[in-house]
Amino acid sequence: MFRGRHFDRSVILVCVRWYLAYGLSLRDLKEMMAERGISVDHSTIHRWVVHFSPLLLERFNRRKRAATGKWHVDETYIKVRGQWMYLYRAIDSVGDTVEFYFSEHRGLPAAKRFFRKALERHGRPDRVVIDGSQTNQEAIVSCDTTHRLQDRCRRRPKPIRIRQSQYLNNRIEQDHRRIKRRVRPMLGFKSPAAASIILDGIEMLHMMRKRQARFAFNPNPSLAEQFDILAAA
């Protein structure tokens, strides 16, 4: 993963982890590294974040524990180049992140892509809690119907139960805040592609804090230890 890099692996991992985990700008990290005798440009740190976030997330997902059968689903707003775009998210009954999907547009096609991604990776839940969104309800029904028709088991699975309640979905509204708290100091992303990659990394750090990955030799690792394990995998 780090072959041919000018800087040591530990420096790269520290910069990527600090940027994704805390409210620091790229120039803040540049100054912090300079105080430690390491001269690195802020654009280099940005390239590290964009390059290594997807690789680390892929390795994290291999260790991610299974979600429960009850999901809470909602979307939140993310500003990109002065325009509002959308981050679809789902958490389970214990607060673990199930899935997320960044979209430039909000509507039935985007909701379907999100639910298909969640179903393919985590299987079918028993129940999904949403707010009053008719679009999300239609997306769940459509994706669930297709998924059940493709199921080759003798016993057809029952349809996913959908509960529409604004108050029961406060759980995921609270979970959005952790993501928005990190995104807010960035003052908006420059492009949808960069936003998607960096949001993947921020979501990964959020899952790390929830201890959603299995590590056989260390049941309660710190963020730094989780990064080292994933980088060495």
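**Figure 1. Lining of the largest pocket.** By class, 9 nonpolar, 5 polar and 4 charged residues line the largest pocket of this predicted model. The lining consists of 18 residues, and the space in the largest pocket is about 360 Å³. Nearest the centre of the largest pocket lie Tyr 19, Leu 26, Met 186, Gly 188 and Lys 190. Helices α2 (26-35), α3 (42-63) and α7 (192-209) each contribute at least two residues to the lining of the largest pocket. Of the lining, α2 provides the largest share, with 3 residues.

**Figure 2. Packing of α2 and α3.** The axes of α2 and α3 are 8 Å apart, and the two helices pack at an angle of about 110°. An angle of 65 to 115 degrees counts as roughly perpendicular, and α2 and α3 are therefore roughly perpendicular to each other. Their crossing is right-handed.

**Figure 3. Lining of the second largest pocket.** The second largest pocket holds about 170 Å³ of space. Its lining includes the run Leu 20, Ala 21, Tyr 22 and Gly 23, together with Arg 178, Ile 179, Arg 181 and Arg 182. Ile 202, Leu 205, His 206 and Arg 209 also line the second largest pocket. Two or more lining residues come from each of α1, α6 (170-183) and α7. By class, the lining of the second largest pocket has 6 nonpolar, 2 polar and 4 charged residues.

**Figure 4. Packing of α1 and α7.** The axes of α1 and α7 cross at roughly 85° and come within 9 Å. Helices α1 and α7 are therefore roughly perpendicular to each other. From α1, the residues in contact are Arg 17, Tyr 19, Leu 20 and Ala 21. Their partners in α7 are Ile 198, Gly 201, Ile 202, Met 204, Leu 205 and Arg 209. The contact of α1 with α7 has 7 nonpolar, 1 polar and 2 charged residues. Among the residues of this contact, Leu 20 and Ala 21 of α1 and Ile 202, Leu 205 and Arg 209 of α7 also line the second largest pocket.

**Figure 5. Packing of α1 and α8.** Helix α1 (residues 9-21) packs against helix α8 (residues 223-232) at an angle of about 125°, and their axes are 11 Å apart. The two helices are therefore oblique to each other. The crossing of α1 with α8 is right-handed. Arg 9, Leu 13, Val 16, Arg 17 and Ala 21 of α1 make the contact with Leu 223, Ala 224, Phe 227, Asp 228, Ala 231 and Ala 232 of α8. By class, these residues are 8 nonpolar, no polar and 3 charged.

Figure 6. The structure holds 1 cavity of 30 Å³ or more. The largest cavity has a volume of about 50 Å³. Trp 71, Phe 115, Leu 119, Val 128, Ile 140, Cys 143, Asp 144 and Ile 160 line the largest cavity. Helices α4 (108-122) and α5 (134-150) each give at least two residues to this lining. The most comes from α5, with 3 residues. By class, the lining of the largest cavity has 7 nonpolar, no polar and 1 charged residues. Asp 144 is among the lining residues.

Methods
Residues are numbered from 1 along each chain as its sequence is written. This is a predicted model: local features need pLDDT of at least 70, side-chain atom pairs count only at pLDDT 80 or more; totals for chains, interfaces and linings use all residues. Side-chain values use heavy atoms; hydrogens and water are left out. Axes are lines fitted to C-alpha atoms, for helices over the stretch in contact, and angles run from 0 to 180 degrees between N-to-C directions. Helices (H or I, at least four residues) and strands (E, at least two) are DSSP runs, numbered from the N terminus. Angles under 35 degrees count as roughly parallel, over 145 as roughly antiparallel, 65 to 115 as roughly perpendicular and the rest as oblique. A crossing is left-handed if the near helix is turned anticlockwise from the far one by less than a right angle, and right-handed if clockwise. Contact means heavy atoms within 4.5 Å. Ala, Val, Leu, Ile, Met, Phe, Trp, Tyr, Cys and Pro count as nonpolar, Asp, Glu, Lys and Arg as charged, and the others, Gly among them, as polar. On a 1 Å grid over the protein atoms alone, a cavity is a set of points where a 1.4 Å probe fits but cannot get out, and a pocket is an open set with protein on both sides within 12 Å along at least five of seven lines; lining residues have an atom within 4 Å of a point. Grid points are joined across faces, edges and corners, and a volume is the space filled by probe spheres set on the points.
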